[in-house]
Amino acid sequence: MLKNYFKTGLRNISKHKLFSFLNIIGLSIGMSVTLLIIVVLENASNFDDFQKNKESIYRVYTEETNPDGKMSWAITFPELTNQLELNESIEKITKINSSFRGALDYKAKELNFNGYFADSNFFNVFSYEFISGNPKTALMDPYKIILSEETAHKIFGNKDPFGETLNTKFGDFTVSGVIKEPDGNSHLSFGVLGSYSTLSTLRNKNLLNKEEWNWEAKNPEYIYLVIDNKNDISIVRDQLSIIAKQIEPLVEDVTLSFDLQNMDDIVLGKQMAGSIGPTFAFLESMIFLSLTLMILLPACFNYINLSIARSLGRGKEIGIRKILGGNKKQLVLQFIIETFILSLFALIGSMLIVYLIKDEFITLLASGSRLQIIDISFTGYLLGILLALVTALLAGIIPAVYFSKQNPLESLASKVKPGTFGALSLRKGLVVIQFALSIGFLIGISAFVKQYSHALNFEMGFPKENILVTHLADVNFNIFNNEFQSQPGVKSVSFSSTIPGSWDNSTTVVRHLDSDDSLEVQEISVDEKFLEEFDINLIKGNGFNSEMSGNNGFAIVNQQFEKSFGRFNSNSDNKNYFITESGRTAKIIGVVEDFNKTPLQKESKPILIWFNPDKYRYAFVTLESDNVYDLRNKLKKVWAGLSSMNFEAKFLEHYLEEAYNSFENAIKVLGLQGVFVMVISCLGLLGMVVFSTNNRIKEIGIRKVLGASEGKLIWLLSKSFLSLLLISTAIGVPISYFIFDRMLSRMRYEYVGIGLFEILASVSILFIAGGSVILWQTKKIASINPVENLRSE
Amino acid sequence: MIKTENMSKLYVTEEVETTALNNVNIQIEAGEFVSIMGPSGCGKSTLLNILGLLDNPNSGKYHFLDNEVSGYSERQRATLRKENIGFVFQSFNLIDELTVFENVELPLLYLKFTSSERKKRVHEVLEKMNIMHRVSHFPQQLSGGQQQRVAVARAIVSDPKIIFADEPTGNLDSSHGDEVMNMLTSLNKAGTTIVMVTHSPTYAEYGNRIIHLFDGHVVTENMKEEFHV
């Protein structure tokens, strides 16, 4: 019986080409996004599977509690290992540092590399196969380097590199081993491993800062443990809590605690700052997966719609099957199988779409490094087939039940009109839902675009053009200032602790010396030229002068600070003094205009400006407006004379744009989904128009013979569909306005609102797209020669 | 085998009420070949549909194989139908997407015959209908006569007790019409009861009894020997 169903299904698909084409395209698009998420999640769940100890490997992570809330960090203190090594519950322990990157030099060959400093226990914890070298000793001594097979091949070709010397900015390294590429994805992705003892040597030589419980530096250090007995996990956790208590006095401003994360949860678990490798927030992915239904369902609606619309053509077959003894269940099964076959074709289409969009989409979905290897594995294919089955059920069940309920005699006599059994209202309802969804996406996209461009063009209170921003890294700011300020084309140089308009944010709480009222403020440390360079005008009092450098007794505030702080009761002698939560007392010497220290998503807070060179992390170099890119290249050379680190300078505008990356991503995701939903809806509409106008060919012929003009006939055929678009608009506009207005106003401090223009533009796009589809088909039918129309009887 | 008692059927549309059958009383015994005749709209097809368990009467009784079936649900009728009845239609009603073999096989599939049994039976019946050489063709590749032979093959493949034929020769030329009638006659001779609706007096005479309908009433019933009286 099943064979018979498959055969009939296949023959029906090939016989009704328009129907099959519209549905396969629609379902391909509808299934593609769901399939992509499934494939990505499936890939993510297989990460690190090749690690033999995977189940018993744990990463130590850090929970930071600051005034803004809690934050999880994948990084931690390498010093923890000294205490953890004494814990008998821990079988093995290793630490890595992810700053081993730059260029490898070998006999005039240069290759950029990414890797880790790893200690000699690395291969006790992780499973990698050695091609040459000894896993026990390869990372023991300083300045040893292990290459991945690929890296070794790139530099040395087929030659065994063992014992060769490679130059890096960290010094000369001797190759102590080559390892095979692992069989599968790993969150640890590296081309080289340097011995961790190198870092210790560099620190001892004072070439790197000593790191003793310095959380502010946030060094990329990671610790992995092997705990064989699950019952021992709590023992290790207890020890970590004790350590956290012990270090409390050593860490300023924040409270830290430590916890363990199983290797299984690294890629597909909790989102953490400072993670290595890609991470997927499981919950977000699940929400996203359910959102994909917004695309899959309209495609299923098309199928339902078109299947019922062509029921007239299938009446005979249904009637015969029923007369010959086919029961309802058998007919339902037959139609579900037929839909399943169609979904399998659509699955192939959706796989093609997945290949086309996966890279772009994965970047949006996966934070951290870009996930390069996404393959559809055997399980992926099985899941794909499962998806086709689910789609077949979603799309097929309504038509199947509809067909199976038909009276055999009426079916046989083709008396079943597609308008009976409330089917017409169902079909109209589905089209309305599709287009209401489309208008929802259109309004959402236009609202996001409006907000995005508003954010980019927002007057931040300081100039954004031609300011080159660079991290100071290991360069002293005075040396930087002397070298850069003297370069031709450089207008001015200044320094600060954070980049204005970026997410980088530090806050404190201040109060008057004689009052308990407190105010939460944002802090920034700048030099004496910063306010001038950023065109932030002093309204009252004085700016900093060089003599005040490093003196925490003076501060400048913005107008918002002055206004909020001024409201508190205070003795007039103390009015200009405040005390911070860390007990520092300072005098306000000046007030500047308000400016936005953080992106618009964050509510602007009062700003407190210090003059503290110890905190400088960024240099701002304002360039003459001509040839800024040439100038940047010249400055790169100046930098090379100061530091071994890369010159990672970007223009301030780019930093500001980056602050709105999430926005850009939202627009891309919404845009892609919107295009998909729109295409699916138009395909569905086309199908519906085709089937219903074909049913009216005779009527059109008679009307034409009786003198109706083509225009009138087009209007006659189109008006019911246009009214569906109108109803969709009437439903979709208020609902989507409500949803996106609430969503954006919650997210944005500087919310601009959804205007009439956005709504009109969205409605116009909908009507242009939908209207063209309707016009194209109705014009075709209305222009047929009436003689041919009547002959079709 | 078949007995109706005061059986009536009414069709009600929004404004019009049409009596298709009015107190019909007929009886058909196993092994008979009964022709039903009458002008268009007299209720022939309605009677055949009810007798063939495709529809229910509004009033009266209908005994089919000793079951009173007038109140049966579609599911109950379907079960009785697939086990006991074969149909032949004027417009053949073959499924265009299925080959000759698959069309004939269909009733056996619904009766859950095994694959080998189906194959055997289909081949036997196609041989009998002399259409074996077209076994892999699709209906639209066959002539009208050939299509009707396939339809007859499908009707008899499950070995039904009775065949209902609705104008089986209506779409055929006279030579093909004769061919089909000869087939039905030989099936009847082999023991199958046949009830056939026809417009043609000539083909009606192939039966051993003719029931004349007019405006939903049975007006006359002639046995074969009375035909030319």
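Me: Where is A:Leu393 found?
Reply: A:Leu393 is found in helix 13 of chain A; helices (H or I, at least four residues) and strands (E, at least two) are DSSP runs numbered from the N terminus. This is a predicted model, where local features need pLDDT of at least 70, side-chain atom pairs count only at pLDDT 80 or more, and totals for chains, interfaces and linings use all residues. Residues are numbered from 1 along each chain as its sequence is written, chains are lettered from A and ligands numbered from 1 in written order, and side-chain values use heavy atoms, with hydrogens and water left out.

Me: Which residues make the nonpolar surface patch?
Reply: A:Leu293, A:Leu297, A:Leu386, A:Leu389, A:Val390, A:Leu393 and A:Leu394 make a patch of about 530 Å². Patch residues have over 30% relative accessible area and no salt bridge, with nonpolar side chains (Val, Leu, Ile, Met, Phe, Trp, Tyr) joined within 5 Å and like charges within 9 Å; areas are Shrake-Rupley with a 1.4 Å probe, and for residues only the protein chains shown count as cover.

Me: And which element gives the largest share?
Reply: Helix 13 of chain A, with 5 residues. Helix 10 (293–309) and helix 13 (378–404) of chain A are the elements giving two or more.

Me: Switching to chain B. What's the strand order in the open sheet?
Reply: The 6 strands run 7-8-9-4-10-11, with mixed pairing; two strands pair if DSSP finds at least two bridges between them. Strand 7 (85–89) and strand 11 (217–223) of chain B are the edges, each pairing on one side only.

Me: How do strand 10 and strand 11 of chain B pair, parallel or antiparallel?
Reply: Antiparallel, over 6 bridges, with strand 10 of chain B covering residues 209–214. B:Phe214 stands opposite B:His217 in strand 11 of chain B.

Me: What does helix 1 of chain B touch?
Reply: Helix 1 (residues 44–51) of chain B packs on the sheet, touching strands 4, 7, 8, 9 and 10 of chain B, where contact means heavy atoms within 4.5 Å. Its direction makes about 155° with that of strand 8 of chain B; axes are lines fitted to C-alpha atoms, for helices over the stretch in contact, and angles run from 0 to 180 degrees between N-to-C directions.

Me: Last one: what does B:Glu102 form a salt bridge with?
Reply: With A:Lys7, the closest N and O atoms being 2.6 Å apart; the cut-off is a Lys or Arg side-chain nitrogen within 4 Å of an Asp or Glu carboxyl oxygen. B:Glu102 lies in helix 3 (residues 100–110) of chain B and A:Lys7 in helix 1 (residues 2–15) of chain A, so the pair joins two chains.
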